[in-house]
Amino acid sequence: MSMSLMSGRARRFRRRSSAASPARRGEAVKGWLYVSPTAVFVAVLFILPLLLVVRMSLSRWPLLTGDQGVNAPDNYTKVLDNRFFADSVVFTLKYTVLATALLIALGLGLALLVQESSRWKGLLRASFLIPSALGLASASLLFYVLYSPIAGPAADLMEKLGWTFLGSPNAALFSTVFLIVWRFAGFYMLLMLVGLQGIPAELYEAARIDGASRWQIFRRITLPLLRPTLALTTIMCVTGSLLAFEQFYILTKGGPDNSTITVVQLIYTMAFQGQNDLGVAAALSVIALIALVVINAVQLRAFHNPDEK
Amino acid sequence: MSTHASTPASAHAAKNPGTGLSDRSSASDGAAIGKATPARPGPVRRPPTTTIGGLVLRTPYWIFTGGLAIIFLFPLAWTAVASVSPHAGTNQTDGWGFGNYRTLADYQAGIWQYLANSAFVSLTTVVLTLAISLLGGYAFARFNFPGKNVLFLTTLAILMVPYATMLIPLYVLLNQLSLQDSLIGVALVLTMFQLPFSTFMMRISFEAIPRELDEAALVDGCSSWTALWRVLLPAVKPGLITVGLFAFLTAWNDFMAPLILINDSNRFTLPLAVSNLRVQVQGVIDYGATEAGVVVLAMPCIVLFLLLQRHYVRGFMSGAFKG
């Protein structure tokens, strides 16, 4: 793409310097030289582990003794037989739908609220964004104290009502979703603001001159033109939620009654707690990877606009 | 008012100046975040009209938005205050003070050890990410070489792969490379996870610079290395700051990579140490020390964010995420 931007001067320089082929070979060598650190990282820390995880998923591979040879497809049947597998998939999907719906709606709502420039709106934007500077682990620890029936600000109230934030499966789910909304709403607001900026102002003015109501403008102009942004934010949000780990690991520890175990938490448990079986964990990792690729492909297709291209 | 259909402030103000609902008409925006959405050129703004009717109409809006801001800020403010206020079952029982921070300081290897571990991992990640993506971005933007597109797409594909899927084999792989239980191993892994964003960011940063700039340097006899170092580096500095900021925030806050890759509690990073400190004595949770730990964890992030928010926003404005 950038090649087409080549200036006349550069072209002249090229022609003068040497015949095309050695020059091009020199360029290729230099390019590879500059890109070699990237290539090494991608090969050793991405491609190699990706191949390794597939091999591990097909082998008996206890945490302590390492590779014990191929045992396919035992690891996969063990995953399917795991008593938490079905529950964790259902819970992860439930959490994903809830978190995505709330984050997309709130992200868009907040973006519309603070879109225009003013000092007050700048302050609002900053306060919505500050939580997203925190790490997910820090935010989870923060809410762990905040929700605590002993030390939290609502401790007395909880004692009176006999209810706690993390006491029942549903309360734990909604409390965790609140934490996630608090942490990420500003981030999605920012992405929505970027998208809203891409909508030409003339369209709004034309609609208003034609007597369109606010709702009509939102429905007929903002939403359709925001489609790429909505697609992107939804895919990011679904991916992030399907892979949820820290918030549940720290906040609910999978409880109460193992009701909040996510798929990634199950991978961690299989590998490092109790079972100590890296082979089974690798098998579930491969399943998660395939599921994620399929879900993202479906989403891309669903959001694909036939009018474009 | 709340779902005000998206309109540039200027256009709207011209329409109904009487209510003044949407428009404070302060052309200069105080907060840096505000600059993310510059006002588009539009009809000339009218000066703010502060009528009593306008104020009354605006009050519910102020209460609503102010309430929202408080919801977002309250948890942080409460934690900061609670960490120094007295509470039974913590090291700070009478009066205000820094007892909880003393607990934190004396926890196992001591907070300084954990801070040093976290700082080491974060800075190594930042330096590696900057170096690799600077060179990689330069190569992708300015050179043609076989395998260029395959390598670029493979780098972006890192985004598609679940964290956990990678960490299980990386745990085995780092053991084989004798990097088990090592902070360098964690930094290498975190750098790899930063590559899609940083390589993309640096590539578009280089592509935004006119080719004439480095070609002039090459004509003047510079090598491509000198051209990069002397001519291009200053021009891509904003991109580097954004990449560095994201790398630092990610590395400082990351929980899962050290959780899986580090066993020795003397090598824990801060998030891991604070999360373990909760269950210090036989299941009794020291909430005070946890609050102090959260404050120590959050402080550098919030300060960096407030100082560099323009670069933070830039990361998204870059179009990196425009799909």
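The UniProt entry, which is unreviewed, lists five stretches of chain B under "transmembrane region": residues 61–81, 111–138, 150–171, 183–202 and 287–308. UniProt positions follow the numbering used here, feature names are shortened, and annotations may be inferred rather than shown by experiment. The model is predicted: local features need pLDDT of at least 70, side-chain atom pairs count only at pLDDT 80 or more, and totals for chains, interfaces and linings use all residues. Residues are numbered from 1 along each chain as its sequence is written, while chains are lettered from A and ligands numbered from 1 in the order in which they are written.

Residues 111–138 of chain B are 100% helix and 0% strand. The C-alpha atoms at the ends of this span lie 40 Å apart. Residues 150–171 of chain B are 77% helix and 0% strand. Here the end C-alpha atoms lie 27 Å apart. Helices (H or I, at least four residues) and strands (E, at least two) are DSSP runs, numbered from the N terminus.

Chain B as a whole has 14 helices and zero strands. Of its 323 residues, 46% are buried. A residue is buried if 20 or more other C-beta atoms lie within 10 Å of its own, exposed if 12 or fewer, and partly exposed in between, with C-beta atoms placed from the backbone. Contacts in chain B between residues at least 6 apart in sequence were also sorted by separation. Among them, 74% join residues at least 24 apart. Two residues are in contact if their C-beta atoms, placed from the backbone, lie within 7 Å.

The loop between α6 (163–176) and α7 (183–207) of chain B holds Ser178(B). Ser178(B) is not a glycine, yet its phi is positive, at about 55 degrees. Ser178(B) counts as exposed because it has 9 C-beta neighbours inside 10 Å. Asp181(B) is also found in the loop between α6 and α7 of chain B. Its phi is positive too, near 60 degrees, in a residue other than glycine. Asp181(B) has 15 C-beta neighbours inside 10 Å and therefore counts as partly exposed.

The two chains meet through 99 residues of chain A and 96 residues of chain B. On the side of chain A that touches chain B, helix α2 (residues 20–57) of chain A gives the most, with 20 residues. This side of chain A comprises 72 nonpolar, 17 polar and 10 charged residues. Ala, Val, Leu, Ile, Met, Phe, Trp, Tyr, Cys and Pro count as nonpolar, Asp, Glu, Lys and Arg as charged, and the others, Gly among them, as polar.

One helix pair spans the two chains. Helix α6 (residues 136–146) of chain A packs with helix α13 (residues 287–307) of chain B at an angle of about 150 degrees, their axes 9 Å apart. α6(A) is therefore roughly antiparallel to α13(B). Angles under 35 degrees count as roughly parallel, over 145 as roughly antiparallel, 65 to 115 as roughly perpendicular and the rest as oblique. Axes are lines fitted to C-alpha atoms, for helices over the stretch in contact, and angles run from 0 to 180 degrees between N-to-C directions. The crossing of α6(A) and α13(B) is left-handed. A crossing is left-handed if the near helix is turned anticlockwise from the far one by less than a right angle, and right-handed if clockwise.

From α6(A), the contact draws on Ser138(A), Leu141(A), Leu142(A), Tyr144(A) and Val145(A). From α13(B), the partners include Tyr287(B), Glu291(B), Val294(B) and Leu297(B). The residues of this contact of α6(A) with α13(B) are eight nonpolar, three polar and one charged. α6(A) is mostly covered, with 11 of its 11 residues buried. These buried residues pack against α8 (169–197) and α12 (246–252) of chain A, and against α2 (52–82), α10 (237–253), α12 (270–277) and α13 of chain B.

α4(A) and helix α11 (residues 227–242) of chain A pack at an angle of about 145 degrees, with axes 9 Å apart. Their crossing is right-handed. Residues of α4(A) in the contact include Thr92(A), Ala99(A), Leu103(A) and Gly107(A). Those of α11(A) include Leu230(A), Thr233(A) and Cys237(A). The contact of α4(A) with α11(A) has eight nonpolar, seven polar and no charged residues.

Gly107(A) lies in helix α4 (residues 85–114) of chain A. Gly107(A) is buried, because 26 other C-beta atoms lie within 10 Å. Beyond its neighbours within four places in sequence, Gly107(A) is in contact with residues including Ala185(A), Tyr188(A), Met192(A) and Thr233(A).
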